[in-house]
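This briefing covers cores and helices. Look at the sequence and the structure first, then read the points below.

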Amino acid sequence: MKFLTGMLWVFVIFSFLGWLTELIYYLIKNKRVTNPGFLTLPFLPSIGIGFLLLYVFALRFENVVMLFFTSAIILTLYKYFASVIFERSFGFKWKDYSDSKYKINKYVSIWEPFVYGLLGVVLVKFAYAPVASIITAIPFWAAILIPAVVTVLIIVDIIISCVTVIKLRNNLKKMDNISRLLDNEEKNVSDNELRKEYERRIIQSKHFRLRLVKAFPDMESFDYEKQLSDIKAHHNLLLKRNNETYENNIMNKEDRPFAYGLSLSKLFWLFLIGSFCGTLLETVWAFFVEGHFEMRVGVVMGPFIPVYGGGAVAITLCLYKLYNKNDIIVYAASAVIGATFEYYCSYFQEMFLGTISWDYSDTPFNLDGRTNLLFAFIWGFLGLVWLRYLYPLISRLIEKIPKKPGNIITVILAVFMVVNGVLTIVSIDRKNKRAENIPPQTVIGQFCDTVFTDEYMNFMFPHMGTKETFAKEREQKAKQALKKAN
């Protein structure tokens, strides 16, 4: 059971990390957000299966050289046969190395085995152990249920996506038949009717089919290349029209303003603004709901709560293309994304720093005390307001910043936030070690002991503690309530 659970976790985690890596790669390459996967969900099962093969066959090798060559052979063969099977089954190819000088047949680049070998060494030696430690820290029932449910969802998504590819191919075949009729002089149907039917077939290829075309712009069809090109052209036209309704579409790069579109600069500014707005919201909440003023921040320098900034970025990335959808859909999606993000922020803070900054264990419908249904509803409201009203306004204001000063300011603020984050992590760690009378071992630790003292940390993070301290506080509150009742 333990080995099977580990296999499921490896498949799920690395399918997601593979998808996230591809997302970041294409974001940097194309300067826009694109779902890079074959599936609708944020997973690349092909990468998950590859890492699963390493987990099964390569984990036993202690020798780095043997591990390198084993990983290179396993992943290269897997990539080759997976490409052949997909191509023969569906008649499409996502990547083609036929014109490359450095290739193994037309499916694998000659450099890929070297990359796969290095990847295998890094994963087995450095990645699998942290993943295993995270899995062992999760409750037994959750460690089995979570990857099992996600795997089932992935399988369902695979089936839907395969059906979509088959339907796309059938539609291309019908479009090809129409093209042949147009070229044929002996026909019973007028050219006008055939062209209308051809255009209808192009327009019919939307939703899931257009998502595949968008995710794989280099996708090619063996038999229906012209028809697929027409669908791609239609997709690009729709994309252009949609962008023009939400923000100006400027084709000339020189005319584009600062942080144009959903660029990395824009995402950083959204994170910064969201983090600042989070501090304002928490301060107002403490004053009006809890009846007192207190400092609520997430870093040691500046009025920023990165949980809110990260939530703003996550909601923007996930729901950016849903701006014209029903408010209920946007609200529900924002609630799920926000609550999930809040849960994992709390989880990883406890995992790596040994502390937590909030605990909802005494609230109804909570999940491990890290989030609850009420705050999921609040995240839904914040996401809806953000996507509908705040993001378009803030996006345009950001783009009004002059280019050169904007780039300089962005770099300065990015460096500041990175340093701020590092000092925050070190300061929290030093606070815990000071309680155990452990002296600092580095210059940074000495600096944090001098500047970010216990008094400073208690003022900046009044609610930060451990599971045990929060449990004691709940017990004391319960005793006080019982005394008042008596």
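Which residues have the most contacts inside the largest nonpolar core? They are Val-10, Phe-14, Phe-51, Leu-54, Leu-123, Tyr-128 and Ile-154, in a core of 21 residues. This is a predicted model, in which local features need pLDDT of at least 70 and side-chain atom pairs count only at pLDDT 80 or more, while totals for chains, interfaces and linings use all residues. Residues are numbered from 1 along each chain as its sequence is written, and side-chain values use heavy atoms, with hydrogens and water left out.

**Nonpolar cores**

- A nonpolar core is a set of buried Ala, Val, Leu, Ile, Met, Phe, Trp, Tyr and Cys residues joined through side-chain atoms within 4.5 Å; buried means under 20% relative accessible area, exposed over 50%, and partly exposed in between (1.4 Å probe, protein chains only).
- A second, separate core has 18 residues, including Trp-269 and Trp-386.

**Helix α14**

- Gly-445, Cys-448 and Asp-449 are the buried residues of α14 (residues 443–451).
- Seen down the axis of α14, these residues fall within an arc of 100° (taken from the directions from the helix axis to the C-beta atoms), so they line one face of the helix.
- Val-443 and Thr-450, on the other side of α14, are exposed.

How values were computed: Helices (H or I, at least four residues) and strands (E, at least two) are DSSP runs, numbered from the N terminus.
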